[in-house]
Number of protein chains: 2
Amino acid sequence: MTTPGSLDGDETVADGPASSGGRRSQRVTISDLARRLHISKASVSYALNDRPGVSEETRRRVLSLAEELGFHPNSAAVALSASRTRTIGIVIARDPALISTEAFYMHTLVGIEQYLNEVDSSLLLRLTGEHGEDLDVLRRWSRQGRVDGFILFDEHNDDQRVPLLKELGVPCVVVSSNAPDDGVGRLISSPEQTVTLLLDHLAELGHRDIAHVSGPFTFVHEQLRVKLLAEHAKRRGIRVTHLEGSYRYEDGAEMTRTVLARKKRPTALVLGNDLMAVAALRVAMDLGTAVPDELSIVAWDDSPLCELARPGITAVDQQTMERGRMAADLLFRIAAGESGLHWETPAGVLRVRDSSARANRTTPGRGPTRRLRPASP
Amino acid sequence: MTTPGSLDGDETVADGPASSGGRRSQRVTISDLARRLHISKASVSYALNDRPGVSEETRRRVLSLAEELGFHPNSAAVALSASRTRTIGIVIARDPALISTEAFYMHTLVGIEQYLNEVDSSLLLRLTGEHGEDLDVLRRWSRQGRVDGFILFDEHNDDQRVPLLKELGVPCVVVSSNAPDDGVGRLISSPEQTVTLLLDHLAELGHRDIAHVSGPFTFVHEQLRVKLLAEHAKRRGIRVTHLEGSYRYEDGAEMTRTVLARKKRPTALVLGNDLMAVAALRVAMDLGTAVPDELSIVAWDDSPLCELARPGITAVDQQTMERGRMAADLLFRIAAGESGLHWETPAGVLRVRDSSARANRTTPGRGPTRRLRPASP
DNA sequence: CTGAAAGCGCTTACAG
DNA sequence: CTGAAAGCGCTTACAG
């Protein structure tokens, strides 16, 4: 440890020419700035934080010297005295294999990062397994004072996270599909909009009998999707059967086999994510079911996988990156004490590709029959 | 701000039953522990950190009370006094679109996280654009004392990061393809092993004329790949032509068109990543070139994209997750003062799929000719 | 083995 | 507008 007194006046400069004094660059503190300018640490602090209490003249001198010396405030000291970490926490509790497969998370992170870059803040990330360790991490990070708040994904039944964070008094934003009035921030993207998008598309193509392979029912958003899709379809006279999947490839494949084995096959398949949609496509083709001629396939979430499949898979671009941005933005406002806790995400956009087409295209093959009937009562 | 004196003896307990006292849980500090146990803060600190200076009896009482009260040390205070953040930094400077497409990063992060979970540490992540902002972030985080060290990816020509971090005196590990002796930690995975894997496979299948579409030459590992692939191929009497790609789909497609337009076509294509390999597959099929009959396609990096393509794309599983784990492990050892700075990654594994097969399978189509010649002198 | 004290680098009332 | 001082919650020599 060198003593502060040994500062020799030529630290490494932030962006300027390389420093002349060799060796390891030494950390510059506000005490150094104060000493050099013959003012108090308090004045330096006021100047740096753009607060009243210093003359313009002084402020300018401080900022200029700080720039020159490449001063950056020690984040631990700031956090300790001001209880502000400029860091948000994200804890994702999913099977690692799935995390890396689904572009959703990476896209969301990119969106969040875009915002963080703008406000010079950081992301503390933790990918835990699926077994409740996430609660421990939330608790620990909160108690440790590591973050200013959290962004939560994948709300599920009996989700303990919101109650926990409320008890701990830590701000959070839930990327959510509904808006319970529990006082925490919510970035809401209602499945209703996507349901409409998908049903409009399929109805227009003449589909009146579709199957829906959802993700796990334990997720709140999946429950809503299933419910809303069923309701809206019914209203339009479209029959929907539902199967619960796991987001995994194998599951999408199996469900598709199940559906295709039925006497009365649907003409279209809606899959809860991109991986299961690709699986459906493969299985259908392997079984000799032409896509889209005999079976249309659409996915709830767009991704490169949908785009690169052949035929390309029609999917809803959920604007994931923008959602990430907004979630971060919202969290910072909440952490700063703002109210207005519920925001809505921008509308999704249907990317129409070759996997969806008119129902009842008669093609050579085990010809589909018995269609166009109204849904059973 | 409530005063410490107002502690009422029934904070929220870490894992136990819900606390009885209502309201917001209040933060527990070592002062609280010390007061309750009638010992000094120092003793509490020693006990918690498993250091000499306290009796076993006292240590047990401290740990027990800490557990009971759900105590977690304030990270800022620890960082400030002990200069240890339990946090590593990663700054990725790539086009966001590419970041989310390539499973590489997400896989690596998952691996790193596995390790961090074990040692209860965290990851500070920043995804910047491609324009040198990464250096600013490294400098700022270093000066701010936010991290104990960095893991660096994608070493490129004139990379300023290692010199910068050395100057700043911050530990780092470079996930690297070579081992210059610059005194920083390196997790090395030599392309030589992958080159051998790929050439063994292709040679065995009778390919004697291949094309290699690499990633950008600015990356050190791509330069090495190109060089080593050329050398080893030559030694085996295999002809290699090289084209420089960008890792993007469009580029993979264009390069493939270029190669297929040649009079003397290669019988196999090696692509620098999964996206370009998928692109190559599409283009070949669109142009009526049968894969693998007329053209074999192999990818340097495996991913779900390769696995899910049809035909599946033969690729090298680079054990990315394990690499991430090792990088984190190495960084922590370096930060702790260990030497032995260079580690090697585990060997990659070739995943043979349907996109590669024997050269010169005569099939209907624009029959390939003029093959099996030795490489031009 | 234990305690009192200084110090890490900031912020923030509180006097001048 | 400016400065001296206390405090954030830890760690760490240094005496007892």
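Student: So two strands pair if DSSP finds at least two bridges between them. With that cut-off, how many bridges join strand S1 and strand S2 of chain A?

Tutor: Seven bridges, with S1 (residues 87–93) and S2 (residues 122–128) of chain A running parallel. The labels come from DSSP runs numbered from the N terminus: helices are H or I with at least four residues, strands are E with at least two. In that pair, Ala93(A) sits opposite Thr128(A) of S2(A).

Student: Before I go on, what kind of model is this?

Tutor: The model is predicted, so local features need pLDDT of at least 70 and side-chain atom pairs count only at pLDDT 80 or more, while totals for chains, interfaces and linings use all residues. Residues are numbered from 1 along each chain as its sequence is written, chains are lettered from A and ligands numbered from 1 in the order written, and side-chain values use heavy atoms, with hydrogens and water left out.

Student: OK, back to strands. What order do the twelve strands of the open sheet take?

Tutor: The order is S11(A)-S5(A)-S4(A)-S3(A)-S1(A)-S2(A)-S2(B)-S1(B)-S3(B)-S4(B)-S5(B)-S11(B), and the pairing is mixed. At the edges are S11 (342–344) of chain A and S11 (342–344) of chain B, each pairing on one side only. On average, neighbouring strands of this sheet are turned by 25 degrees against each other, direction ignored. Angles here use axes fitted to C-alpha atoms, for helices over the stretch in contact, and run from 0 to 180 degrees between N-to-C directions.

Student: And S2(A) with S2(B), parallel or antiparallel?

Tutor: Antiparallel, over three bridges. Leu124(A) faces Leu124(B) of S2(B) there.

Student: Which helix packs on the sheet and touches S2 of chain A?

Tutor: Helix H7 (residues 133–144) of chain B does, and it also touches S1 (87–93), S2 (122–128) and S3 (149–152) of chain B. Contact means heavy atoms within 4.5 Å. The direction of H7 makes about 150 degrees with that of S2(B). Helix H8 (residues 161–168) of chain B lies across S3, S4 (172–176) and S5 (185–188) of chain B, at about 170 degrees to S3(B).

Student: How many residues meet between the chains?

Tutor: 61 residues of chain A are in contact with 64 of chain B. The two chains bury about 5700 Å² between them, 52% of it on carbon and sulfur atoms. That is the accessible area (1.4 Å probe) that two parts lose on being put together, summed over both. Met106(A), Arg143(A) and Leu308(A) supply 14% of what chain A buries against chain B, more than any other three residues.

Student: What about polar contacts and salt bridges between the chains, how many?

Tutor: There are 30 residue pairs in polar contact, both at pLDDT 80 or more. A polar contact is a pair of N or O atoms within 3.5 Å; within protein, one must be able to donate a hydrogen and the other to accept it, and residues adjacent in sequence count only if both atoms are side-chain atoms. On the side of chain A that touches chain B, H6(A) gives the most, nine residues. That side divides into 27 nonpolar, 19 polar and 15 charged residues. Ala, Val, Leu, Ile, Met, Phe, Trp, Tyr, Cys and Pro count as nonpolar, Asp, Glu, Lys and Arg as charged, and the others, Gly among them, as polar. Salt bridges between the chains number four; the term means a side-chain nitrogen of Lys or Arg within 4 Å of a carboxyl oxygen of Asp or Glu. One of the four is Asp120(A) with Arg126(B), 3.4 Å from N to O.

Student: Where does Asp120(A) lie?

Tutor: In the loop between H6 and S2 of chain A. Asp120(A) has a positive phi of about 50 degrees, though not a glycine. Most residues other than glycine have a negative phi, and most peptide bonds are trans.

Student: Which peptide bond ending at Pro292(A) is cis?

Tutor: The one from Val291(A), with omega near 10 degrees. Pro292(A) is in the loop between H12 and S9 (296–299) of chain A. Arg310(A) and Pro311(A) are also joined by a cis bond, omega about -5 degrees.

Student: How many salt bridges does the structure hold over all chains?

Tutor: 40. Among them, Asp154(A) pairs with Arg94(A), closest N and O atoms 3.1 Å apart. Asp154(A) is in the loop between S3 (149–152) and H8 of chain A and Arg94(A) in the loop between S1 and H5 of chain A, so the pair ties together parts 60 residues apart in sequence.
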